[in-house]
Amino acid sequence: MDWQGQKLAEQLMQILLLIAAVVAFVVGYATASFRTMMLIYAGGVVLTTLITIPNWPCFNRHPLKWLDPSEAEKHPKPQVVVVSSKKKSSKK
């Protein structure tokens with residue numbers, strides 16, 4: 001899943017869960033049934049999971065371009081510089 005695909009999946013998840021919550025609340029309120037409300041919301045969560053978690057092709061429209069291994073060998077890796085933080089003691 002590419003970066004734009006992750007963003008799309010996150011937005012879809014938020015929208016679908018909000019819709020499921022509103023629908024569940026309205027139906028639960030209309031029928032005066034907490035159980036019905038929870039079952040509808042649970043169904044919305046399952047539907048949202050099936051839509052957003054698998055790596056569907058719509059989430060891979062902008063693939064990342066990786067550097068070729070031969071090109072990577074031409075450019076050395078940056079070296080980590082270790083800075084020691086020894087404090088000088090001041091004697092009076």
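This is a predicted model: local features need pLDDT of at least 70, side-chain atom pairs count only at pLDDT 80 or more; totals for chains, interfaces and linings use all residues.
What the Asp 2 side chain does have is a polar atom 3.3 Å from the backbone nitrogen of Gln 4. Asp 2 itself belongs to the segment before helix H1 (3–31). Leaving aside residues up to four places away in sequence, Asp 2 touches Phe 59, Asn 60, Arg 61, His 62 and Pro 63.

Phe 59, one of those contacts, comes from the loop between helix H2 (34–52) and helix H3 (69–74). Phe 59 counts as buried because its relative accessible area is 1%, against a cut-off of 20%. Although Phe 59 and Trp 3 are 56 residues apart along the chain, their C-alpha atoms are separated by 8.6 Å. Beyond Asp 2, Phe 59 touches residues including Met 1, Gly 5, Leu 8, Ala 9 and Leu 12, as well as Ile 51, Thr 52 and Pro 54.

Thr 52 also turns up among the buried residues of H2, along with Met 37, Gly 44 and Thr 48. Looking down the H2 axis, the buried residues fall within an arc of 50 degrees, so they line one face of the helix. An α-helix has 3.6 residues a turn, so residues three or four places apart point the same way. H1 is part of what covers the buried residues of H2, while the face turned away from the buried side carries exposed Arg 35, Leu 39 and Leu 50.

Conventions:
Residues are numbered from 1 along each chain as its sequence is written. Side-chain values use heavy atoms; hydrogens and water are left out. Helices (H or I, at least four residues) and strands (E, at least two) are DSSP runs, numbered from the N terminus. A polar contact is a pair of N or O atoms within 3.5 Å; within protein, one must be able to donate a hydrogen and the other to accept it, and residues adjacent in sequence count only if both atoms are side-chain atoms. Contact means heavy atoms within 4.5 Å. Buried means under 20% relative accessible area, exposed over 50%, partly exposed in between (1.4 Å probe, protein chains only). The arc is that of the directions from the helix axis to the C-beta atoms.
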